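The sequence and structure come first, and the text follows.

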Amino acid sequence: MRSGPVILTFLVGTALIALFFIPHHKAQAINAELLVWATVIYAFALILGSISLWNTHARKIRLKTEGWPYSLVTLFALVVVTALGVWQGVGEGTVVSRIYNMVNSPLASTMFALLAFFIASAAFRAFRARNVEATLLLVTAVLMMIGRVSIGEFIWKGFPGFTEWLLDVPNLAAKRAIAIGVGLGAVSIGLKIILGIERGYLGRSR
Amino acid sequence: MSWMARILAIDRRVIFVLVGLGTAIPLLWPVNLPITVTPRVEAAYQTIEALPAGSTVLISMDYEPDTMAELQPMSIAVLRHCFRRNLKLIVITLYPAGPGLVEPALRLAAAAEGKERNKDYAFLGYKSGFQAVMIALGESIRQQFPVDFYKTPLDSIPILRGVNSYSKIDLVINLTASTAADYWIQFAASRYHKPLILGVTAVMATDYYPYLSSRQILGLVGGMKGAAEYEKRMDIFGDARRGMDAQSLVHVIIAGLVILGNAALLTTRKTA
């Protein structure tokens, strides 16, 4: 019985397209309500993710695979932080808020900061002028790297203006072309799904 | 092994040390390299500057600690500008880890400009659901945020009296590291016709240039450089201007390494 989901997709799809263009407040209220449903569905994804995380790490601990103590720390953090959040809330002054400020925040910043080191190393090894396209990319990248920071102006007064031109003309033209292409592609895929031509989202038939 | 071959086989730890020194030295001994304010940042600045005192601005700060190096100084500069112009600020975040960054940014900016919570600004906290929240704000702010971040009912907050939807909001500002910006363009700017300014990370900035030229956004502040330009325009010396020296030197080091690597490759190819 595959006609049921296809009909439902057609009805919801066409209704949402129509609601987007109807400015009446009742239509907008229905649209907002449907988007709240979408948020509820996202919440289920969080539950699924937590179960998957638990299963993966519990298996590693059970089998004592390499690095299993890290899995233990992960599961401990998952249980303790969730329990504290449910028990005390997550507002200012709570334990979860302190954990966030003193553990999560510096760790997340550190992880991102480490990227600078790896990008520098990767750029040195991978950024090579192997053909015309790669050379063009390399030259543009080097000009942008120097021209977009303060030292660029220090080296040559015209550097910021030149990089602005690169961004405003060739970059903007390419971005517009990509945006139009992506937009048309999304409309085409959307129509194919709504009209039941594309049925990949239903999964494989048995 | 020739010199060029040695350069090509350079240990990555040498590169790490160079980048580490390139970051640390300018932060310890800043040289204050010149900063030019670009038209996009100037447009954002002028849009806020043009608002009459007492106008209401909705600011959504949608980012987490991973991008705070770029967006936190930007947020503080923009908040300080709004406070300096005596605008009424309603601040929200659509990221669960957002309040931990928004709260200190607001406190710092308010203290610097002598402003008070609930009298000059309100922080409504976090709400999940990007598009759902953006659309629902057009119907009722109170329905989405019955109480603020500090559990105060919205009706008890002086600056929120009479403000319940986009119709009473004069400008929307989105400071983000995600696709939240796309939705703010779709809903706040296109559907509710609200003037919109974006503040985004450097890697995202070029994605939003087309919206600037189509006037769907009125200003664009991109990355730490954009934040530094904004600080310069505000005549303040914050973390962004402090960080630009380090960013400049690291860019020069990376560009130098790329040029050196290619020169070495060319030379070894010719000699082979």
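Helix 4 of chain B covers residues 68-84, and its 17 residues reach 23 Å from the first C-alpha to the last, close to the 24 Å expected at 1.5 Å a residue. That expected span is 1.5 Å times one less than the number of residues. Helices here are DSSP runs of H or I with at least four residues, strands are runs of E with at least two, and both are numbered from the N terminus. Helix 4 of chain B is mostly covered, with 15 of its 17 residues buried. A residue is called buried if 20 or more other C-beta atoms lie within 10 Å of its own, exposed if 12 or fewer, and partly exposed in between, with C-beta atoms placed from the backbone. Just after helix 4 of chain B, N86(B) has a positive phi of about 60°.

The model is predicted: local features need pLDDT of at least 70, side-chain atom pairs count only at pLDDT 80 or more, and totals for chains, interfaces and linings use all residues. Residues are numbered from 1 along each chain as its sequence is written, while chains are lettered from A and ligands numbered from 1 in the order in which they are written.

Helix 11 of chain B can be described in the like manner. Its 12 residues, 223-234, should span 16 Å at 1.5 Å a residue, and the end C-alpha atoms are 17 Å apart, which agrees. In helix 11 of chain B, 10 of the 12 residues are buried, among them G223(B), M224(B) and Y230(B). The cover over these buried residues includes helix 3 (39-49), helix 4, helix 9 (202-205), strand 6 (219-222) and helix 12 (239-271) of chain B. D235(B) follows helix 11 of chain B and has a positive phi, near 60°.

| Helix of chain B | Residues | End-to-end C-alpha distance | Expected span |
|---|---|---|---|
| Helix 4 | 68-84 | 23 Å | 24 Å |

L106(B) lies in helix 5 (residues 99-113) of chain B. It is buried because 24 other C-beta atoms lie within 10 Å. Leaving aside neighbours within four places in sequence, L106(B) is in contact with L79(B), V91(B), Y121(B) and F123(B). Two residues are in contact if their C-beta atoms, placed from the backbone, lie within 7 Å.

The largest nonpolar core has 98 residues, of which M74(B), V91(B), M134(B), W184(B), L196(B) and I217(B) touch the most other members. Such a core is a set of buried Ala, Val, Leu, Ile, Met, Phe, Trp, Tyr and Cys residues joined through C-beta atoms within 7 Å. Not counting residues up to four places away in sequence, the residues that I217(B) touches include I185(B), L196(B) and Y208(B).

Chain B is divided into domain 1 (3-30 + 247-271) and domain 2 (39-237), with bounds from an automatic or database domain assignment. Their centres, taken over C-alpha atoms, are 39 Å apart.

Chain A has 7 helices and 0 strands. Of its 206 residues, 9% count as buried. The C-alpha trace of chain A spans about 65 × 50 × 45 Å along its principal axes.

Where the chains touch, 46 residues come from chain A and 47 residues from chain B. On the side of chain A, helix 4 of chain A gives the most, with 15 residues.
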